[in-house]
Amino acid sequence: MVQDPITWTNLGYLYLRLDDRELANQCFLKAQVIDPDYAKAWLGQGLLAERNGDREHARGIFAHSVTLSAGALVSLPIDPY
Amino acid sequence: MAALKTLEKVLELDPGNWMARYDIGDIQYQLGNFATAIESFEDLAKERDDDVGTLGGLAQAHLAQGRMMVDGGFRERARTSFISAIQVAERVLKLDRAWRAWGWKVIGDAAFESGNLAGAIEEDTAESSLRSAMEWLVQDDDDKRSTVDGLDHPSALLKAGVSVDNFVSRSAVFAFSYRSYLLRDERPNVTMSASYDLATAIHALAQRTTDEKERRGLTKSAIRSIRLALEKDAGDERLWNALAVLCIEGGRQVAQHAFVISLELYQKVRSEVILC
C-alpha cells in the first residue's frame, strides 16, 4: 500500500514540538521506510537524537540529511506541499 | 524522438516554419531538456517577439529550469532562471489580457521559489524584476482585488520603498492573490488550486517575517485560504496536510487531526488508483 512520507514527517514534527518523542520517532521511521531518501525525515530523526542528548549520532544524521537534499534543505522542516 | 526527427525534417524543407520550431521547443520542454527548450524559444522570440505562445513557452521553460537548478543545489543559477521567468511572463501579461491568470501563476511560482533561496544580496536582483511586475499588477488591478488580509495591497509594498523585508515573498503572495481573484468563477479544482497556492505563499512569508503581529495575521489569512480550498475539495490530502501545518502553532489538536485525515485520504486515493 503506497503511503505519504511528507505527511508522516510533518506529523513527526508535530509530536516533536509536543515532546512526544516515541510517537515522533514512529512517524519519522514510517516516513523513512516509505522513502529512504526523504531528507526531512532524516532531519527529524537528527533533531530527536539531539533532544535525547546523543549529539554524535545527531551530527551524523544531520550530515546525511544535508547530503540527501544536495544542500538544499531549508530551515523550516515542515513540508506543506 | 520520432516527433523531433519529423520536425527537423520539416525545417529542412521549410526553414521558416515557425510552428515546427515552436513544437521543437515544446517537445524539448516535455522531455525535460529545459536549456535546449529555452534556446529554441529564445531563437523564435527574436523573430516573433510579440507572440504570446512563444513567450509563454519560454517563461515556463525558465521556471522549470530554475526548479531543476534548485534540486541540484545550484542556487544562483536557479535565481537567474526564476528572474528570467518573471521578466518574460511580464511581457506576456502586457501583450494579452487573456493570459493574466497564467502569467500571475508563473510570476507567483518564480517569486515563491526565489524567496525560498535565502540571501540578502541575491534578493536585490529578484526584487527589481518583481518591482516592475508589481507595478503592472497595480495598474491592472483597479479594484484592488489583490489585497490580502494582514498585508494590504501591492501599492503599499511599492510605496514602502527599498527597505521592505521579504519583498520577493510578498510579491509572490500578491501574484497568487490576484490570480485567485481572476479564477474565482472557474471550476472547483481550478479555484481550489489557486487558493492552495495563495495559502502556501502566505505561510512561507509568515515564517520569514520577524513581526509577531504580522505573522499571526498572515497565518490566519493562510488558514482562511486553505479552508476555502477545502470547501471546493475536501478529499484532497494535500489540503489537509497544509491545514495541519498552518495550525501547528496555534491549534495542535486540529493539526494532529488534519494530519491523520491527510494520511487516511492519501491511502484511499492511492489504493483506488491501483485498483483501477
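A residue counts as buried under 20% relative accessible area, as exposed over 50%, and as partly exposed in between. The exercises below concern a predicted model.

**Exercise 1.** Determine where B:Lys144 lies and whether B:Lys144 is buried, partly exposed or exposed.

*Solution.* Step one is the location: B:Lys144 belongs to the loop that runs between helix H7 (120–140) and helix H8 (154–159) of chain B. Step two is the accessibility: the relative accessible area of B:Lys144 is 46%, so the residue is partly exposed. Step three is the backbone: phi of B:Lys144 is near 55 degrees, a positive value in a residue other than glycine.

**Exercise 2.** Carry out the corresponding analysis for B:Asp152.

*Solution.* B:Asp152 is placed in the loop between H7 and H8 of chain B. Its relative accessibility is 45%, and B:Asp152 is therefore classed as partly exposed. For B:Asp152, phi is near 70 degrees, which is positive although the residue is not glycine.

**Exercise 3.** Describe how helix H1 (residues 5–17) and helix H3 (residues 39–51) of chain A are arranged, and identify the residues in contact.

*Solution.* The two axes come within 9 Å and cross at roughly 20 degrees. Angles under 35 degrees count as roughly parallel, so H1(A) is roughly parallel to H3(A). The crossing of H1(A) past H3(A) is left-handed. H1(A) contributes A:Thr9, A:Tyr13 and A:Leu16 to the contact, while H3(A) contributes A:Lys40, A:Ala41, A:Leu43, A:Gly44, A:Leu47, A:Leu48 and A:Arg51. Sorted by class, this contact of H1(A) with H3(A) comprises 6 nonpolar, 2 polar and 2 charged residues.

Conventions
Residues numbered from 1 in each chain as written. Chains lettered and ligands numbered in written order. Predicted model: local features only at pLDDT ≥ 70, side-chain atom pairs only at ≥ 80, totals over all residues. Heavy atoms only, no water. Axes fitted to C-alpha atoms, helices over the stretch in contact; angles between N-to-C directions. Helix = DSSP H or I, 4+ residues; strand = E, 2+ residues; numbered from the N terminus. Parallel < 35°, antiparallel > 145°, perpendicular 65-115°, else oblique. Left-handed = near helix turned anticlockwise from the far one by under 90°. Contact = heavy atoms within 4.5 Å. Nonpolar A, V, L, I, M, F, W, Y, C, P; charged D, E, K, R; others polar. Buried < 20%, exposed > 50% of the residue type's maximum accessible area, 1.4 Å probe, protein only.
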